Amino acid sequence: MKHLLPLLMAGLLGACSILPQSEPLDIYLLPGGTLPAQQQRVDWSLRVSSPSSGQLLDGTRIVVLPEPGRVNTYQGARWSERTPQLLRGRLLDAFHDDGRIQALSNDEQRLQADLELVSDLRSFHSQYQDGRPVALIQLDARLVNPRDQRILASRRFSASQPATDTSITAVVAAFGQAGDRLSRELVDWTLQQGSLID
């Protein structure tokens, strides 16, 4: 029995060395610029909900379409949080930067709000066009009365941005630029629609 224990330990150590090693991960935040602050204020509140999405986009992997009809992900790279929460955070930052809506909340807090922004995330991937990756974000947004769940306004937002090269850092930067453009359009649309309802 004494001689069996060292052999067992050696066998276990040997087995450990043949297990696949987990790939090193680079975690990326969604970069974003700052919207210019506006002077006027509105007196209504807004809840920004996380976009709903299909299974493909409801994770942390950075999705790429290397060719039409084929889906892949960038190896060794992840977003810092699930894509719907990542985009919700970017939209909330844009509303805070803009400053016209002071009373902001999200769907996790479930605070009472006059209006709610709900959406479906249709695209959040890069796709190759002429050998170059292009970041694409597409969001179907709806402004809803949370008291009766009535849709007050709706619109599809779409933004794309070519990456400067094929590296993952360039692709992430392109996502940031596309996110900035989409956020700016969505903030202005929300304020415009909210003022008509108000």
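Strands here are DSSP runs of at least two residues, numbered from the N terminus. With that in hand, welcome to this predicted model.

**The loop glycine**
- Gly59 sits in the loop between β3 (52–53) and β4 (61–67).
- Its relative accessibility is 22%, so Gly59 counts as partly exposed.
- Leaving aside residues up to four places away in sequence, Gly59 touches Glu81, Arg82 and Thr83.
- Gly59 and Pro84 are 25 residues apart in sequence, and their C-alpha atoms are 8.2 Å apart in space.

**Helix α2**
- Helix α2 covers residues 83–98, and its 16 residues should span 22 Å at 1.5 Å a residue; the end C-alpha atoms are 23 Å apart, which agrees.
- The helix is mostly covered, with 12 of its 16 residues buried.
- Among the buried residues are Thr83, Pro84, Leu91 and Phe95.
- After α2 comes Gly99, which has a positive phi near 85 degrees.

**Salt bridges**
- Arg122 pairs with Asp140, their closest N and O atoms lying 3.0 Å apart.
- Because Arg122 lies in strand β7 (residues 115–129) and Asp140 in strand β8 (residues 132–145), this pair ties together parts that are 18 residues apart in sequence.
- Arg122 is partly exposed at 48% relative accessible area, whereas Asp140 counts as buried at 13%.
- Arg70 and Glu67 meet through their side chains at 3.6 Å, N to O.
- Asp148 forms a salt bridge with Arg150, with 3.5 Å between the closest N and O atoms.

Terms used: Residues numbered from 1 in each chain as written. Predicted model: local features only at pLDDT ≥ 70, side-chain atom pairs only at ≥ 80, totals over all residues. Heavy atoms only, no water. Helix = DSSP H or I, 4+ residues; strand = E, 2+ residues; numbered from the N terminus. Expected span 1.5 Å × (residues − 1). Buried < 20%, exposed > 50% of the residue type's maximum accessible area, 1.4 Å probe, protein only. Contact = heavy atoms within 4.5 Å. Salt bridge = Lys/Arg side-chain N within 4 Å of Asp/Glu carboxyl O.
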